Structure formats: C-alpha cells, structure tokens
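Dear colleague,

I am handing over the structure below, and after it you will find a short account of what turned up when I went through it.

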Amino acid sequence: MVKGFGFGINWKWADNYYWQSIFASGPVNAYNVLDAQINYAIPSWYSVIRLGGTNILDQKYYQAYGMPEIGGFYYISWTFNFSFK
C-alpha cells in the first residue's frame, strides 16, 4: 500500500486436549494467539525496521499441564545488511 512498508498477521488456535507425561497429567484449555508485525525498509541505510509481537492481546495460556503460563512478547528490531536490494 505504501512504498517501503510491509506487515504480517497470524492467528493461531489450539483446541482443548489432555496432556499426559511423567511430570504431570491434566487438561489443557483451548487458546487463541494473535501475532502481528509491521516493517519499514530503508534502502539508503541498507536496513529494515520491524515492530511486532506474539500474543499481542496478552491472553495468558499454557501448552502443557503443569507448565508456566505464556503471555505477550513485543519487540523492535533493526536489521542491517550491506547486500540489501
């Protein structure tokens, strides 16, 4: 849409299931996760600036019974590459 800008959106869903291991066994609830990223390319700097996050709605969930909850993770990055075209 705008020169130099890009984006990505990803939605993940997992149904509820029963986790069974030597450590612990029990139900794991269904969960949804929304990931998003925007980026801007700056060819004169040989760079790409990115801003994004995983689980951007910060809905706490766990993937295995007895494990810690997972929350949101947000980031900013600057990628510098001399071979940028």
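Aspartate 35 counts as buried, because its relative accessibility is 9% and the cut-off for buried is under 20%. Please keep in mind throughout that this is a predicted model.

The side chain of aspartate 35 meets that of lysine 12 in a salt bridge, with a distance of 3.0 Å from N to O. This pair links distant parts of the chain, since lysine 12 sits in strand β1 (residues 5–14) and aspartate 35 in strand β4, 23 residues apart. Whereas aspartate 35 is buried, lysine 12 counts as partly exposed, at 40% relative accessibility.

A search of the whole structure finds two salt bridges, and the pair of lysine 12 and aspartate 35 is one of them. Another salt bridge joins the side chains of aspartate 58 and lysine 60, at 3.1 Å from N to O. Aspartate 58 lies in the loop between β5 and β6 (73–80), and with a relative accessible area of 34% this residue is partly exposed.

The backbone of aspartate 58 also deserves a look: its phi is near 55 degrees, which is a positive value in a residue other than glycine. Tyrosine 46 likewise has a positive phi, near 55 degrees, and it too is a residue other than glycine. Tyrosine 46 is found in the loop between β4 (31–42) and β5 (47–54), where it is partly exposed, with a relative accessible area of 34%.

Terms used
Residues are numbered from 1 along each chain as its sequence is written. This is a predicted model: local features need pLDDT of at least 70, side-chain atom pairs count only at pLDDT 80 or more; totals for chains, interfaces and linings use all residues. Side-chain values use heavy atoms; hydrogens and water are left out. Helices (H or I, at least four residues) and strands (E, at least two) are DSSP runs, numbered from the N terminus. Buried means under 20% relative accessible area, exposed over 50%, partly exposed in between (1.4 Å probe, protein chains only). A salt bridge is a side-chain nitrogen of Lys or Arg within 4 Å of a carboxyl oxygen of Asp or Glu.
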